[in-house]
Amino acid sequence: MSQKKVNRKLILAGGMAAVMVMSLSACNSTSDTSDSSTALSETAGTETVETSSQAESEASTGNEDSYNVVIEWISIGNTPSEENLQLVEEAINEITVPEINCTVTLYPVEISSLKNDTALAISTGEKLDLVVSVGTGVGDLVTQGLIENLDPYLADYGRDLSSCLGDALAGGYYDNSLYGVPNAYIQSEKYGFLARTDLLDKYGIVIDSEKLYTMDELGEIFKTVKEGEGEGFYCVAGLTSTSDLFTEYLGTVDKLGATTASGGLLLADSWDNTTIANIYSSDQYKAFANSTYNWAQAGYIPSDAASNTDDGSVQLQAGNYFGRFFYTTEGAASGMGEQIGYELTNIEMSPPYKTTDRYQNILWSVPVTSEDPQKAFEFLNLLYADNDIDTLLMYGLEGVTYNVVEENSNGDKVVDFVEGVTADTAPYFCYAGVYGDRLSWPVWVPNSISFNESLREFNNSVTNISPALGYCFELTDQVSSKYSAAFSVVQQYTPIISAGSVDPETSLAEFEKALEDAGIQDVIAENQKQLDEWLAEK
Amino acid sequence: MNSAGRPKQKKKIRWRQVIPIYILALPGVVYMLCNNYLPMFGIIIAFKKLNFSKGIIASEWNGLQNFQFLFQSSTAFTIIRNTVLYNLVFIILGNILAILCAILLNEVVHRISARIYQSFILLPFLMSWVVIGYLGFAFLSADNGMINNSILEPLGKASVNWYNEPKYWPFILTMVQMWKTTGYMMIIYYSSILGISKDLYEAAVVDGASKLQQITSVTLPLLKPTIIVLVVLSMGRIFTSDFGLFYQVPKNTGTLYSVTQTIDVYVYNALMKRSDFGMSSAASVFQSLVGFVTVLVTNAIVRRKSRENAIF
């Protein structure tokens, strides 16, 4: 009898579980159908708008039919509350509904998990229309089949972004198709050494701002300063256990949309060099390695530099460093100087030039799951047009986050935080500069109103262009594992060579052998093959 | 045993008693299936070229290609050697130290002081590797480090650039690992020692056994099952290394890679900039498979030596 009872209970439990599962799946299917029905009405909505040739009155009242574009919002530990996000969304909708009949929803993602969250959201089919990749390029997203090819939309719906981005659009290409759209900002950087002005003055060193300094000349300056300041004082801050000074700042290298683990073009040789080489076996790299080694021996670089995990600005703040290798583009020295509390002077070392990877840092893409990729792309295009959407997305509402302090006829503005508000406490503030045209955003006090204008001028002055601009190395299956192996070798050797902690006489040979063993030559050969094909097609 | 009908009946009765117990266990079993067995489906990612738009199942198979990168570079030998040797040292030394501490702690008569010592030995285990990495740097930094400035300098010895000298690091890493984990393992041994009946010791004392003889003839033999379980279990992780220890403590310094790079650190460095799910799961599948085999082999050896002590 008891057995029967037990059985009955079991059946009951099983039945209940089954009911639960069924009701769950029922929930899913109903929501699915409702989704698809709204999707249908939405596409219908866009069609009517197109035929009625942007009848504005109809569109602005047609809020119900407008497509909702869900766009990622990068949070660096400061996701705004739901209401504050909504306020900004409403302000944006006021512009977008009349323009292209769409509304926008912000989808906050923490930057540290951006890559995984994006992949997860797309693969689970969450509603998302615009995703951003930061610092990774679009290669992975394309090979994993996560994002749309944007070529079909570019000509018809990408006028504003094409004209705003110019050469920079090259960063979004992969496999000869457009997959990502970069943000618009300066099109290149100048590179060099930021030195503390007070120490330069103290030792009577005059820097010629027109001249490109060599490593040896910099070494001479270091010598004077180090001799004057003595023990416990160092010249080069900002070296860490992941630094690659040569590729990052000094080498004038085109990494061809990937990393140096697949070789690069040494553009210092010539601006039309199209022979891919292992840059770590070049004479330039050897000279660089000798310099850093000598500097470390002379005590300009601390002996633990390759184990350092502190940021360069933290080291400079402590006061016992002379400067660091960095960008010398306008704004870089003053920004860094403000952060560390010392005025800094640019020592130029490398000219500005345009390469593909320069524009791969921030890329906007449309996921394959987007119900209306065209609308998403239209909205993306609108960010680069002459309006305030990108400013809204960055800094929120005027009068709530910031007030305009100064304004000129170009439309450039200087703004300051509303009394009692900082970037941390603002109801809405995006730290990550990812939206639209950065040179159209207002600048913050104490920057001058001409700041954006001078950067626009700088953009126009950059004439050095890599012959491979727009080309991006596609990692094929044959060389994928060799590339990863070579990449780990690069990770191992470049920081210690940058910090001068090993003698290049022996370490460079070891480095080169390790790269050969990992198979870098095969990766470079594949890269060269792809580049040649690309050049032939161009 | 003797008739065909009886066992059947016997079985029926047992079944009736056992079912409620199974039902009691059901939530746990379901949880274990969901938590430990369901994700094993993901192993197939290691053999696929993952394409999200096709999904895991429909993605193309690519054989063992994902495993290649582990063995591609000339460092393959080094990283496997480092992983295995460090683990062997940690298992042997770790157990010896933990047992030693547990026995010593058991001899502390004053209960409150025993508690205090126990907490002190356990404390490092509760620290995160990042913190330990910085503690290590405070000791070993070339210019400001305590060892160079407060020990070597007063002794008139030349200072050592610790982060540039691979030869010291096997010892440093072993010391740090022991310092951190001994307390935790000690607690397991200590609790088994506390479970040993006092009668046995009293009997030993009556027989005239010294303290040392009590330890070697009573404590250690009775600890044997615990030791075997812990060793066999740790054998399962012999191809896995503690990423924090090998990455944070040497501060990812390239010069030290020859003695500090393990499989996990290599995988991290090689795939850091790529989200290649296939290759990273290939690495962990490889580690788990080898670990599984090692557990089986170790257990088989134990079973051959003394059957009753084998885990399965």
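**Where the chains meet**

Mentor: Chain B and chain A bury about 3,500 Å² between them. Carbon and sulfur atoms give 50% of that area. Keep in mind that this is a predicted model.

Trainee: Which three residues supply more of the area that chain B buries than any other three?
Mentor: Phe52(B), Gln72(B) and Arg274(B). Together they supply 17% of what chain B buries against chain A.

Trainee: And how many residues are in contact?
Mentor: On chain B, 40 residues. They touch 41 residues of chain A.

Trainee: What about salt bridges between the two chains, how many?
Mentor: The count is 1. Asp477(A) and Lys49(B) meet there through their side chains, at 3.2 Å from N to O.

Trainee: How many residue pairs are in polar contact across the interface?
Mentor: The rule finds 9, with both residues at pLDDT 80 or more.

Trainee: Which elements of chain B give two or more residues to that side?
Mentor: Helix 1 (5–37), helix 3 (68–72), helix 6 (129–140), helix 13 (263–271) and helix 14 (277–305).

Trainee: New topic. How many cavities of 30 Å³ or more are there?
Mentor: The structure holds 2.

Trainee: What lines the largest one?
Mentor: Chain A residues, including Asn84(A), Leu87(A), Gly396(A), Thr401(A) and Tyr428(A).

Technical notes
Residues are numbered from 1 along each chain as its sequence is written. Chains are lettered from A and ligands numbered from 1 in the order in which they are written. This is a predicted model: local features need pLDDT of at least 70, side-chain atom pairs count only at pLDDT 80 or more; totals for chains, interfaces and linings use all residues. Side-chain values use heavy atoms; hydrogens and water are left out. Contact means heavy atoms within 4.5 Å. Buried area is the accessible area (1.4 Å probe) that two parts lose on being put together, summed over both. A salt bridge is a side-chain nitrogen of Lys or Arg within 4 Å of a carboxyl oxygen of Asp or Glu. A polar contact is a pair of N or O atoms within 3.5 Å; within protein, one must be able to donate a hydrogen and the other to accept it, and residues adjacent in sequence count only if both atoms are side-chain atoms. Helices (H or I, at least four residues) and strands (E, at least two) are DSSP runs, numbered from the N terminus. On a 1 Å grid over the protein atoms alone, a cavity is a set of points where a 1.4 Å probe fits but cannot get out, and a pocket is an open set with protein on both sides within 12 Å along at least five of seven lines; lining residues have an atom within 4 Å of a point. Grid points are joined across faces, edges and corners, and a volume is the space filled by probe spheres set on the points.
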